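Take a look at the structure first, then work through the points below.

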Amino acid sequence: MSGQEIVFTLLGVVAVGSGIMVVTTRRLVHAALWLVLSFGALAGGYVVLTAEFVAWVQVLIYVGAVVVLLLFGIMLTRAPIGDSADLDSGNRWAAAAVAAATAAVLVTVMVMGFRDERMPLRAGGGSAGELGASVFRTWVLPFEVLSVLLLASLVGAIVLSRTGIGPGRGPGSGEGDG
Amino acid sequence: MHLAYPTVVAALLFSVGVYGVLARRNAILVLMSVELMLNAVNLNLVTFDMWFRDRLHGGQVLTLFTIVIAAAEVGLGLAIVLLVYRNREMVDVDRLRSLAESDDAAEAGEVGEVGEVEEAAP
């Protein structure tokens with residue numbers, strides 16, 4: 001085992017372990033905080049894989065934005081802060097069986113398929129400069145389409161979550177009250 | 001670096017996400033598990049980008065796109081969850097059975113109750 005493999009294995013154990021805590025803990029807020037740890041360990045894994053710009057984007061968007069959004073959702077649905085016993089559904093054992101089968105199949109396929117493959121890691125392969133040049137030269141059209149999709153989804157989220165739009169009101173009368 | 005390490009981590013993370021989606025009852029926890037599965041896919045994309053030494057960096061750019069789509073998805077998903085909470089005072093996916101196909105008495109009772117709540121809401 002090389003040093004990279006040892007570091008990546010440790011980060012992977014942290015990521016998978018905190019992922020298991022996310023899906024098994026009895027406290028909603030703790031699940032969100034374990035999710036932060038899992039995403040942070042994955043960002044470290046991206047750094048080991050020399051994808052440093054992806055790692056920073058992971059930290060900024062996932063740890064910074066998505067988890068905060070999920071915490072807002074937990075607060076706004078007035079979830080209990082302490083232990084709640086009914087977070088797991090009754091088909092937990094069927095779900096565990098399906099997950100174990102998925103893990104067995106995927107791990108077997110991955111190990112059998114890539115047993116002898118090694119990947120060349122060279123520094124600078126995922127720097128902001130290279131990725132920026134790649135995004136704005138080759139992938140600029142998907143980038144622009146994605147910006148339109150983000151705008152549409154955020155407008156949709158605003159329309160879904162604002163009150164005062166009802167069938168009883170005429171068109172244009174609900175613009176002042178947000 | 002051996003290719004098996006990141007792919008096995010990604011496979012295990014994906015399975016954890018599958019378990020969370022199937023076993024959790026709170027809709028926000030289901031959204032968290034979906035995020036775990038998306039992260040597993042991102043790890044695979046970065047790994048294979050590094051393995052192929054892609055000159056265009058297709059895997060990493062697609063990872064960035066997936067992160068943006070995940071952010072849009074969680075925003076829209078939370079808006080829907082908040083709307084469900086506003087109408088029904090709970091986000092338990094096991095009890096949200098208005099779209100289920102069975103039409104026995106319990107379901108009819110729940111549908112009537114839900115209509116009542118929706119009428120009372122505005």
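R118(A) counts as exposed, since its relative accessibility is 51% and the cut-off for exposed is over 50%. Keep in mind that you're looking at a predicted model.

**Salt bridges: the overall picture**

- Side chains of opposite charge can pair when their charged atoms come close.
- Counting over all chains, there are five salt bridges in this structure.

**A pair within chain A**

- R118(A) has a salt-bridge partner, E5(A), and their closest N and O atoms sit 3.6 Å apart.
- This pair links distant parts of the chain: E5(A) belongs to helix α1 (residues 3–24) of chain A, while R118(A) is in the loop between α4 (92–113) and α5 (128–137), 113 residues apart.

**R25(B) and its two partners**

- One partner of R25(B) is D92(B), and the closest N and O atoms in this salt bridge are 2.6 Å apart.
- R25(B) counts as buried because its relative accessible area is 19%, and the cut-off is under 20%.
- D92(B) is buried too, with a relative accessible area of 11%.
- R25(B) also meets D94(B) in a salt bridge, at 3.5 Å from N to O.
- D94(B) is in the loop between α3 and α4 of chain B, so its pairing with R25(B), in the loop between α1 and α2, ties together parts 69 residues apart in sequence.
- How accessible is D94(B)? D94(B) is partly exposed, with a relative accessibility of 32%.

**Where chain A meets chain B**

- The contact involves 86 residues of chain A and 68 residues of chain B.
- Together the two chains bury about 7,100 Å², and 76% of that is on carbon and sulfur atoms.
- On the chain B side, the residues that lose the most area to chain A are M1(B), Y19(B) and R24(B), which together make up 12% of what that side buries.
- How many salt bridges cross this interface? There is one, and it pairs D88(A) with R24(B) at 3.0 Å from N to O.
- The interface also has 19 residue pairs in polar contact.
- On the side of chain B that touches chain A, the elements giving two or more residues are α1, α2 and α3.
- Of these, α3(B) gives the most, with 23 residues.
- That side of chain B is made up of 47 nonpolar, 15 polar and six charged residues.

**What the record says about chain A**

- An unreviewed UniProt entry lists residues 6–24, 31–49, 55–81, 93–114 and 139–160 of chain A under "transmembrane region".
- In the model, residues 31–49 of chain A are 95% helix and 0% strand, with 27 Å between the end C-alpha atoms.
- Residues 55–81 of chain A are 81% helix and 0% strand, and their end C-alpha atoms lie 31 Å apart.

Notes
Residues numbered from 1 in each chain as written. Chains lettered and ligands numbered in written order. Predicted model: local features only at pLDDT ≥ 70, side-chain atom pairs only at ≥ 80, totals over all residues. Heavy atoms only, no water. Salt bridge = Lys/Arg side-chain N within 4 Å of Asp/Glu carboxyl O. Helix = DSSP H or I, 4+ residues; strand = E, 2+ residues; numbered from the N terminus. Buried < 20%, exposed > 50% of the residue type's maximum accessible area, 1.4 Å probe, protein only. Contact = heavy atoms within 4.5 Å. Buried area = accessible area lost by both parts, 1.4 Å probe. Polar contact = N/O pair within 3.5 Å; in protein donor to acceptor, adjacent residues only side chain to side chain. Nonpolar A, V, L, I, M, F, W, Y, C, P; charged D, E, K, R; others polar. UniProt positions renumbered as here; feature names shortened; annotations may be inferred.
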